Amino acid sequence: MADLTTDFLGIKSPNPFWLASAPPTDKEYNVRRAFEAGWGGVVWKTLGSEGPPVVNVNGPRYGAIYGADRRLLGLNNIELITDRPLETNLAEITRVKADYPDRAMIVSIMVPCEEQAWKDILPRIAATGADGIELNFGCPHGMSERGMGAAVGQVPEYIEMVTRWCKQYYDKPVIVKLTPNITDVRKPAAAAMRGGADAVSLINTINSITSVNLDTMSPEPSIDGKGSHGGYCGPAVKPIAMSMVSEIARNPETHGLPISGIGGITTWRDAAEFISLGAGNVQVCTAAMTYGFKIVQEMVSGLSQWMDEKGYTSVEEVVGRAVPNVTDWQYLNLNYVAKAKINQDDCIKCGRCYAACEDTSHQAIAMSEDRTFTVIDEECVACNLCVDVCPVEDCITMEAMAPGEIDPRTGKVVEKEYANWTTHPNNPGAVAAE
Amino acid sequence: MSSPMTPGIAAARLPQETLAENFDDLHAAFAPHEAAVAADRCYFCHDAPCVTACPTDIDIPLFIRQISTGTPEAAAKTIFDQNILGGMCARVCPTEDLCEQACVRELAEGKPVEIGRLQRHATDTLMAKQRHPYDRAPVTGKKVAVVGAGPAGLACAHRLAMHGHDVTIYDAEAKAGGLNEFGIAAYKSTDDFAAREVDWLLGIGGIEIKPGMRLGDELTMESLTHCFDAVFLGVGLGGVNALRSEGEDKDGVRDAVDFIKDLRQTGDLAALPVGRDVVVIGGGMTAVDAAVQSKLLGAQNVTIAYRRGRDAMGASRYEQDLATSKGVRLMFNAQPVAIHGNGAVREIELEYTTDGGSGLKGTGETVRLAADQVFKAIGQTLTTDGGLELEGRKIAVTTTGRTSRAGVWAGGDCASGGDDLTVTAVAEGRDAAMDIHTFLMG
């Protein structure tokens with residue numbers, strides 16, 4: 001069985017699966033249960049300054065998006081940072097860390113954008129024995145209205161400034177958690193790096209309204225008839241998160257900056273994908289909130305089995321393996337030609353590929369009297385929509401054409417050589433190939 | 001009180017509670033959550049095979065999607081647009097041979113989307129909460145006679161009334177509904193559903209039912225064609241084929257349809273007598289319905305004897321399995337040759353058969369089964385042809401139901417073409433109505 005031990009910023013954990021800063025890590029009771037279930041580490045739910053804690057709404061905090069069979073695909077929340085006294089949290093963190101020295105214990109923090117506020121809290125966190133801190137610059141609701149959370153994360157200069165304070169007053173690793181509610185995630189990541197951050201973690205949740213109650217005309221979750229945007233997470237945000245992780249991983253300015261990947265990780269496969277795109281470990285929340293802490297056991301066994309099958313002996317070997325293959329559109333090989341192929345033995349004759357292609361794409365699938373569906377190579381542009389709508393996995397596949405064959409759609413020979421848009425004759429800005 | 005062991009034909013073989021349980025809904029209605037889960041399984045196929053398989057062409061993917069988006073009433077409207085008796089069809093259709101057999105998930109997983117139960121969920125929901133959902137077109141002044149208040153006649157009448165014609169339905173029975181009311185197994189139409197459905201259907205207005213009027217007796221084709229602008233015959237098959245076996249007239253030998261009719265009309269199942277050793281002759285749905293219900297009433301031994309092999313049986317494999325699951329024995333390749341007994345039946349003698357390709361033949365070898373009750377379910381026959389041309393043993397009709405006589409249409413079991421199913425009768429009645437409408441509005 002592959003060794004899943006992870007060393008992230010010098011912080012060791014038995015596996016790369018950490019629980020993200022969120023309701024599951026709000027108190028000692030939950031965190032002990034999480035560690036017993038097998039989680040490699042936790043990021044404790046965000047602490048605020050000393051004094052009266054924040055208050056939460058007393059109505060629904062979550063809204064959801066469902067797939068078939070009411071499978072939860074997306075969750076949003078309007079919960080704030082911990083609403084328990086600072087002293088209580090610090091005492092609990094100290095106890096739990098002492099009892100689980102082999103697990104990663106990171107403390108998430110969000111205090112006002114004043115140097116003194118950070119200077120006050122950091123020594124107290126250091127005293128707990130926690131392994132590091134995570135700066136919550138991502139929370140998009142409530143706290144951002146008070147100049148914290150995403151309000152900081154959206155201004156690279158603030159990120160840099162606060163990160164620098166933290167590095168100055170705290171001597172263990174500092175992770176900066178980024179908000180996706182910006183246009184270019186590379187900017188805040190670079191700012192964190194300039195401020196001296198040891199790592200970034202992303203993504204935090206996305207501004208969202210999950211639904212509208214059509215009787216009361218109130219957004220959900222609804223508090224006494226009114227709703228506020230919440231932070232969106234869960235499987236639905238995974239593609240957005242992975243793109244952002246990959247942007248930071250392949251940006252020359254931030255390349256090599258350790259990343260803790262977050263966003264919709266539900267299975268071992270999701271985790272492996274994040275890791276391949278440059279994440280050194282992953283953080284999970286919604287999957288645990290949906291299924292309970294036990295899911296980590298599937299994540300551990302699955303990742304381990306896959307690594308064994310592929311011959312990887314450590315998580316570190318996988319980190320960033322897919323990054324070199326993330327490129328700009330202009331560098332994609334335009335000489336690569338594929339065609340859809342329908343496996344008639346697997347086909348259940350639902351005709352969804354036909355409807356999708358005929359109505360919305362390239363009219364490249366033929367339907368016979370007896371409901372046999374076949375690809376018309378002369379029309380197929382290999383767009384993949386048929387694959388995406390087919391209910392049977394691998395029934396429709398995209399088959400690459402071999403160089404030398406003639407593409408029936410264009411009548412042109414499939415070229416062996418790579419050629420992209422930058423040299424394409426249709427590109428007005430094309431440069432001659434050297 | 002008697003018991004299943006009591007010899008002869010006896011009532012009250014089972015306690016009331018057991019009888020109530022036995023005759024409860026065969027498939028209970030879906031609760032909303034169950035309906036949501038079942039609806040989620042539909043793939044919304046293109047040119048869906050289930051629709052092609054439905055004799056009334058209900059847009060099944062659309063109505064299931066309407067259920068899954070929380071609008072079962074709209075789903076019901078989709079169903080009723082094509083099949084006004086969609087509520088009954090949801091209960092009695094052999095979906096395993098029709099839409100559900102064609103479902104791509106049957107091919108994919110051997111487990112089709114439960115279309116019949118979803119249809120029932122939609123139709124029950126609308127029928128429970130809404131007045132009749134269709135409005136009549138302005139009255140045309142045209143008058144149409146419909147003979148037979150079964151599925152074909154009711155579907156025809158409703159469609160005609162919707163288009164503004166005034167319809168008079170004549171039926172030989174005291175109650176409307178035809179086989180829906182008198183012919184279907186009780187556990188498929190519980191809570192007086194057939195009668196409730198007729199009442200609901202009549203909510204369209206413009207339909208008058210005249211019971212106790214039989215074609216050939218109180219009614220003649222001459223008077224009908226004289227008094228009405230058009231006539232539709234949906235008289236069904238009123239006769240039952242004879243066994244043509246020695247001893248067929250002995251006590252205890254009955255038509256299965258009469259037994260089923262008694263069952264449907266009784267207010268007290270415990271009062272219904274049934275044999276200890278029951279043998280049903282036949283291989284169709286009527287045979288299964290009679291056999292299963294005999295068992296459910298408390299008969300000790302129930303056997304269906306069918307003269308051909310299993311594959312030739314008219315009842316679907318699903319119905320066969322239902323019968324065996326209730327304890328009915330299926331006996332194939334056995335035909336009755338004699339019924340023995342002194343006054344009342346005591347034994348039935350069956351001859352084994354074989355079919356070597358040149359037709360069914362008796363092997364000469366016989367077997368006797370104890371029997372104190374024998375039900376005949378070997379097919380029904382047309383009793384009133386109204387002087388119309390026949391095709392085989394049924395009234396000859398065109399695809400839109402026109403008979404050999406101008407101004408007279410026919411549909412359902414009495415007419416040629418199509419299977420003898422409720423859903424087929426509905427389709428034929430509906431299509432004839434549209435043709436009549438075109439004819440009348442010329």
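**An annotated stretch, and what surrounds it**

Tutor: Start with residues 142–429 of chain B. Their end C-alpha atoms lie 18 Å apart. Helices here are DSSP runs of H or I with at least four residues, strands are E runs of at least two, and both are numbered from the N terminus.

This is a predicted model: local features need pLDDT of at least 70, side-chain atom pairs count only at pLDDT 80 or more, and totals for chains, interfaces and linings use all residues. Residues are numbered from 1 along each chain as its sequence is written, while chains are lettered from A and ligands numbered from 1 in the order in which they are written.

The stretch carries a label. An unreviewed UniProt entry annotates residues 142–429 of chain B as "domain: FAD/NAD(P)-binding". Such annotations may be inferred rather than shown by experiment; feature names are shortened and positions use the numbering here.

Now the domains, whose bounds come from an automatic or database assignment. Chain B has three: domain 1 (32–129), domain 2 (143–238 + 382–441) and domain 3 (241–377). The C-alpha centres of domains 1 and 2 of chain B are 26 Å apart.

These two domains touch. Domain 1 of chain B brings 12 residues to the contact, and domain 2 of chain B brings 19. Contact means C-beta atoms, placed from the backbone, within 7 Å. On the domain 1 side, helix α6 (residues 86–92) of chain B gives the largest share, five residues. That side of domain 1 of chain B has eight nonpolar residues, three polar and one charged. Nonpolar means Ala, Val, Leu, Ile, Met, Phe, Trp, Tyr, Cys and Pro; charged means Asp, Glu, Lys and Arg; the others, Gly among them, count as polar.

Chain B also meets chain A. There, 10 residues of chain B are in contact with 12 residues of chain A. The chain A side holds seven nonpolar, one polar and four charged residues.

What of the domains in chain A? Chain A is divided into domain 1 (6–325) and domain 2 (341–423). Their centres, taken over C-alpha atoms, are separated by 40 Å. For chain B, the pair to remember is domains 1 and 2, with centres 26 Å apart.
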